[in-house]
Amino acid sequence: MDATEMIASVMSVGGRPAGSRREIKIIDTTLRDAHQSIWATRMRTEHIEQMAADFDKVGFEHVDLVAPIQFDVAVRYLKEDPWERVRRAHELAPNTKFRALIRSRNIAAFDFLPDDVIMAWVERLYANGFRVIGSFDGLNDIDNIAPGLRHAKKLGAETFGAVSFCESPVHTDELFVAKATELIEKADVDRIMLKDAGGLLTPERIRTLVPALKDVIGDRSLEVHTHSLTGLAPLVCLEAAEAGADSLHLSVAPLSSGNGQPSVQNVVRDLRALGYVVNVDDEKIGEISQTIRQIAEHEDKPLGEPVEYNGLHFMHQTPGGMLSNFRTQLATAGLADRYEELLLEIARVRSELAYPIMITPFAQFVGTQAAMNVMAGERYKMVPNEIKKYVLGYYGDLLAEIDPELRQKIIDNGASDIALEPSEPKPMLEDLAARYPDESIDHHLLRAMFAGSQVDEMKMAVASGGNPDEIPHPLLGIVKSLHATGQTGTKTLNAGDLKISITKGEN
C-alpha cells in the first residue's frame with residue numbers, strides 16, 4: 001500500500017492505524033534553504049537570534065544553517081559577518097546539531113578554488129561549531145567533493161554526501177545508485193542525501209529510487225530533500241517514508257511551500273496519521289511559526305504559498321528564484337512576451353549541453369546562455385566564459401557527449417584567453433595571510449571568494465551597525481501604519497516623550 005492509499009484508508013476509518021511504526025526524523029531547513037527560496041536569502045543574524053532558543057528545544061535531528069549562498073548574501077548584501085552568525089547560532093542553541101553544506105570545489109564562487117582554500121574552509125566550519133558537514137556537486141562528480149568530505153570526517157564531523165537529482169535520459173536510478181556507492185567508497189560518508197533542488201521528484205519516482213539507494217548504503221541514513229515547485233513535494237515526502245527513507249527535510253510554515261520545502265506542520269501531521277513516530281515539539285514549532293509571521297509582517301517579506309501543478313517545470317527544471325529574475329530581465333529588455341520561449345530555450349540548451357543538473361552554478365550557466373540565445377536572435381552567437389569552461393571540462397566530467405559541431409562553435413565563440421586544457425588553481429591562503437596579516441583565517445577565506453572590496457565593505461558596515469538598506473526602520477513602519485489605517489482626519493500615537501501625528505485628508 002502506498003502513502004496515497006494509506007491516507008485514504010486512515011481517513012475512511014476516521015483514525016490512525018493501530019500501533020506505531022518506525023521513527024521518521026526531521027531535518028529542519030528554515031534557517032537555510034527556506035529563506036533562500038522565499039526571502040531571497042535575506043534572513044539576518046538577528047532573525048536567527050530571535051528563534052534560536054525555540055529551535056534548541058524542538059527535537060529536530062539536525063538544523064540546516066548554512067550553504068555558500070548564506071555567506072555570499074551576508075557579505076555582499078546584508079553586510080554581516082557570516083562567521084559571527086555561525087558562532088551566535090551555536091552559542092544560543094548549544095543542544096542543536098547545526099549542519100553546513102559545501103558546494104563542490106567552488107564554494108561561493110563560480111570557478112574552482114585551490115585545495116588549500118577548500119581544506120581550510122572545512123576546518124573553519126568545524127572550528128566554528130559545525131559537527132555535521134556535507135557536500136554536493138552539480139555534475140555528481142564525486143572526485144570534486146570526496147577530499148573535503150574525508151577531511152571533515154577526519155576532524156570528527158558526521159558527514160553526508162549529496163546525490164543530486166534531476167530528470168533526463170542519462171539520470172537513471174542506476175546512475176544515482178552508482179553515485180551513492182561511489183560516495184561511500186571514496187569518502188566513507190555517514191549519510192546519503194537525495195538532493196532534489198529542482199523539486200522534480202514524483203511519488204512514482206521516489207517509490208523506485210529510495211529502495212534502490214537503501215539497498216546499497218547499508219545502515220547509513222538516507223535523507224530526502226525536495227522543493228514544492230510542482231505541488232507534489234508533500235506527497236513525495238510521505239512516499240519517501242513509506243519507501244524506507246530515514247529523514248526528511250522540512251521547513252516551518254509559513255516559511256515553506258512554494259519555492260521552498262514542504263511544511264513541518266503538515267507533513268508531521270500526516271506521518272503521524274500513518275502511524276509513524278515523529279519526536280518533535282509541536283508547541284515550539286508553533287512559536288517559531290509565530291515569530292516568522294511577525295518578522296514577515298514587520299519587514300514586508302513574503303510568505304510561502306502552495307503552487308499549482310506545472311508540467312512545463314519538468315522541461316526547463318529551472319529553480320524558482322531564477323524564474324523571477326528572468327521575468328524582470330526580459331521586461332527590462334522589452335521582451336516580456338518571450339518568457340515562455342525562454343523557458344523552452346532553457347530546456348533545449350540543457351539537453352544540448354549533456355543535461356547538467358539545474359542547481360548552482362549550472363542553472364545560472366544554462367539560463368544565461370538561453371537568455372543570450374533568445375535576445376541575440378542567433379543561438380550560441382555569444383557564449384559566456386562559464387559555458388566554454390563547462391564544455392572543456394573545467395567543472396568536472398560530463399555525463400554525455402556534446403554534439404561535436406556545437407562544441408566547436410561554443411569553443412570558437414567563447415573568450416579566446418580560456419585555455420583548452422584546464423589547470424589546477426594556485427594556492428591562495430599564504431598570499432592572503434601576507435597581505436592581511438592582522439585578519440583571521442575566517443576573513444582570508446572570505447577574501448578568497450569575494451573579489452574587490454566586498455569584504456572590506458562588509459567589515460566597515462559591521463563596525464557601523466550593518467547595511468541600512470537591509471535593516472528595517474521601526475519608526476517609518478509606524479508612520480506608514482498610521483497613514484494606512486482609518487479614514488480621513490488626524491491620527492496620533494503617544495509613546496513616552498514621543499508623539500506622532502498624521503493628518504490624512506480627502507483624495
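Here are a few notes on the predicted model above, point by point.

1. Ground rules. The model is predicted, so local features need pLDDT of at least 70 and side-chain atom pairs count only at pLDDT 80 or more, while totals for chains, interfaces and linings use all residues. Residues are numbered from 1 along each chain as its sequence is written, and side-chain values use heavy atoms, with hydrogens and water left out.

2. The barrel. Eight strands close up in the order β1-β2-β3-β4-β5-β6-β7-β8, with parallel pairing. On average, neighbouring strands in this sheet are turned by 30 degrees against each other, direction ignored. Strands here are DSSP E runs of at least two residues, helices are H or I runs of at least four, and both are numbered from the N terminus; two strands pair if DSSP finds at least two bridges between them. For the angles, axes are lines fitted to C-alpha atoms (for helices, over the stretch in contact), and values run from 0 to 180 degrees between N-to-C directions.

3. Strand β7 (residues 221-225) runs parallel to strand β8 (residues 247-250), joined by two bridges. Glu223 has Ser247 of β8 as its bridge partner.

4. The cores. Which residues touch the most other members of the largest nonpolar core? Phe60 and Leu271 do, out of 107 residues. Helix α6 supplies the largest share of this core, seven residues. Apart from it lies another core of 34 residues, including Leu139 and Ile418. A nonpolar core is a set of buried Ala, Val, Leu, Ile, Met, Phe, Trp, Tyr and Cys residues joined through side-chain atoms within 4.5 Å; buried is under 20% relative accessible area, exposed over 50%, partly exposed in between (1.4 Å probe, protein chains only).

5. Asp115. This residue lies in α6 (residues 115-127) and is partly exposed, at 42% relative accessible area. Glu424 is 309 residues from Asp115 along the chain, yet their C-alpha atoms are separated by 9.0 Å.

6. Helix α16. Buried residues in α16 include Phe362, Phe365 and Val366. Just after α16, Gly377 takes a positive phi of about 80 degrees.
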